[in-house]
Amino acid sequence: MASGRGLSGMGIHRKRGGGSRLPIVLVIFFSVLAPLIFFVGRGLYTSASIASTVDLGPLSLDSLRKSNMSASWKFVGAETSVENNATSEQLRERRREKRAADLVQQDDEAIVKLENAAIERSKSVDSAVLGKYSIWRKENENDNSDSTVRLMRDQMIMARVYLSIAKMKNKPDLQQELQSRLKESQRALGDTAADADLHHSVPEKIKLMGQVLSKAREQLYDCKLVTGKLRAMLQTADEQVRSLKKQSTFLSQLAAKTIPNGIHCMSMRLTIEYYLLPPEKRKFPGSENLENPNLYHYALFSDNVLAASVVVNSTIMNAKDSSKHVFHLVTDKLNFGAMNMWFLLNPPGKAAIHVENVDEFKWLNSSYCPVLRQLESASMKEYYFKADHPTTLSSGASNLKYRNPKYLSMLNHLRFYLPQVYPKLNKILFLDDDIVVQKDLTRLWSVDLQGKVNGAVETCGESFHRFDKYLNFTNPHIARSFDPNACGWAYGMNMFDLKEWKKKDITGIYHKWQNMNEDRTLWKLGTLPPGLITFYNLTHPLEKSWHVLGLGYNPSVDRSEIENAAVVHYNGNMKPWLELAMTKYRSYWTKYIKSRNMDFGCGDLYVDFGCGVIRPTPIAFVHEPACFLSIVPRV
């Protein structure tokens, strides 16, 4: 019974236990497995959602808002995205800053290396390279043979800069060293302009200067200070250049106004010899040809005997048949005897020649000629002899050109009266006294001027030597009568048709405009501006090879143009008979000086001009370029 109850009890117990196991399993399932399945499924769903988002593009807050997720998921996702973006931006910014810092460090290191290398090179100057001391700029090789001179000048400039800064920063030792080296360089360089003239000790001085400059740079270099000092030096140099230019202009104008004493003495000697001649020996042969219209006639107005002789001699030497040429010379009473005597002693071959005195032209008076009347006016005398007279070289440079005596001389204005001077001629070739003839000129008489009065070579370029350079176009009379861009032309070699001149009353046109310019508001003094006005639309352009200009001011006239020119013109201040003439062009003129090695000096002739007695030394004219330019001593 007992065992049976036990079994029975045991069976009953199993049955109860088996009956309660199911709820336990269910509890375990729902408490453990269900959440696990839920989270696994949720993870799969989230992965699919993220994959789909990646496929659609970058995850954005808008895409989360449009999804079916809960509000809490949306909030969390958006916040995470914003935080990730901010973090990535910070990382990128840090990387950029680091990269920039690295580049700056590399640049600083490279600059330091370059500067150190430059300093080392400046310390190791040798005679082959001659001091590549350049520590403030990149070195450039210079093949110029005078590079050493320029190198020394550059060193001296920088030495002055550092010397000034050393004074400012109270560096007495460095200041003294710079000053010492600067003086040495100045003494070594002096006025030298070419490397070949430098002393053999110069390379060592360049080396020492380079070393002290390197030392000064290490101690004193300040970009702003150096720039300021250099700018100040540049401004000072610019002011000095402007002042020297004004002085140079003044002195060149003054020199151009004068006649060398040698030529002056020659004229006095010739004048004395002329008036010692009996009247029958003062006449030239060939006077019957003076008014023959079938010959080639030249007009030459000059007070310079030697210059006039070169014009005549060069024309005759290049003429095919000198017997067909006639020269009409007009001078003033001071040089009338000398001009006659020269050509009596040096006759121009078979050509005819005639010399006249402008002061004997009785018809040329102030009642007929506006220029003479204006010269007698008080305003013109004030302009020339009293007003605004310069007290210094520089202040007088601007007006001196227009106070040149040639503008007061009727010899300069006589070109506007050719039909009155030569009433029986049909054509005449006008020549200035500062020209040289190099070819036969007879072909000019066959040039068809096409009804124009003046045949001349034009001088205008793209923007210069046009009417607006010579005339005042702010004046209404000028502005409405002329084209400012009209081409200018040159006096010096001009073919004039005297028949057309008379028909068109050229002299009357000249008088009209000269009267209007009494107050000098239409143009400055001179003959070219009124010439441009008078012959406006009445000038026929000649080929440029007939007349090449610029030998009196332009050092770069092409040599081939000079050689091929029929006439070369020394227009400008550097006349070939002056000491300031350009040597490269003087030989074209001096080879036509006709001389018999006669003594045309003043000798023992004493002349009292009210400022002391002048006793010039004798001179003899030979074919040496400067033999007639002797300076006459005062005793």
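The model is predicted, so local features need pLDDT of at least 70, side-chain atom pairs count only at pLDDT 80 or more, and totals for chains, interfaces and linings use all residues. Residues are numbered from 1 along each chain as its sequence is written, and side-chain values use heavy atoms, with hydrogens and water left out.

Let's begin with confidence. pLDDT is the predictor's confidence in each residue, on a scale from 0 to 100. The chain averages a pLDDT of 77, and 68% of the residues score at least 70. Residues 1-19 stay under 50, and the model gives this stretch three contacts beyond four places in sequence; a contact means heavy atoms within 4.5 Å. Residues 604-635 also have pLDDT below 50, yet this stretch has 80 contacts in the model beyond near neighbours in sequence.

Next, look for a sheet. Helices (H or I, at least four residues) and strands (E, at least two) are DSSP runs, numbered from the N terminus. Two strands pair if DSSP finds at least two bridges between them. Three strands form an open sheet in the order 5-10-9, with mixed pairing. Strand 5 and strand 9 (547-548) are the edge strands, each pairing on one side only. Strand 9 runs parallel to strand 10 (residues 567-569), and two bridges connect them. Here you can find Val-548 opposite Val-568 in strand 10.

With 21% relative accessibility, Val-447 counts as partly exposed. Leaving aside neighbours within four places in sequence, Val-447 is in contact with Lys-427, His-540 and Leu-542. Val-447 and His-540 are 93 residues apart along the chain, but their C-alpha atoms are separated by 9.8 Å.

The loop between strand 5 (435-437) and strand 6 (454-456) also holds Gln-450. Its phi is near 55 degrees, a positive value in a residue other than glycine. Gln-450 is exposed, with a relative accessible area of 58%. Asp-505 has a positive phi too, near 50 degrees, and is likewise a residue other than glycine. You will find Asp-505 in the loop between helix 18 (498-504) and helix 19 (506-516). With a relative accessible area of 45%, Asp-505 is partly exposed.

Now for the cysteines. A disulfide is a pair of cysteine sulfur atoms within 2.5 Å, and a search of the whole structure finds one. Which cysteines does a disulfide join? The partners are Cys-460 and Cys-487, with 1.8 Å from S to S. The torsion about their S-S bond is about -100 degrees, so the disulfide is left-handed. This pair links distant parts of the chain, 27 residues apart: Cys-460 lies in the loop between strand 6 and helix 16 (467-470), and Cys-487 in the loop between helix 17 (476-481) and strand 7 (493-497). Cys-487 is buried, with a relative accessible area of 18%. Among other cysteines, Cys-369 is buried at 0%, while Cys-223 is partly exposed at 48%.

Finally, turn to the aromatic rings. A pair of aromatic rings is described by the distance of the centres and the angle of the planes. Rings of Phe, Tyr and Trp (its six-membered ring) pair if their centres lie within 6.5 Å; planes under 30 degrees apart count as stacked, over 60 as edge-to-face and the rest as tilted. By this rule there are 23 aromatic pairs. One of them is Tyr-298 with Trp-445, an edge-to-face pair at 5.4 Å centre to centre and 75 degrees between the planes. Tyr-298 is in strand 1 (residues 296-301) and Trp-445 in the loop between strand 5 and strand 6, 147 residues apart. Both Tyr-298 and Trp-445 are buried. The rings of Trp-489 and Tyr-491 have centres 4.9 Å apart and planes at 75 degrees, so this pair is edge-to-face. Trp-489 is buried, with a relative accessible area of 4%, and Tyr-491 is buried at 8%. Ring pairs link Trp-489 and Tyr-491 into a cluster with Phe-301, Phe-430, Phe-496, Trp-501 and Phe-535.

Conventions:
Buried < 20%, exposed > 50% of the residue type's maximum accessible area, 1.4 Å probe, protein only.
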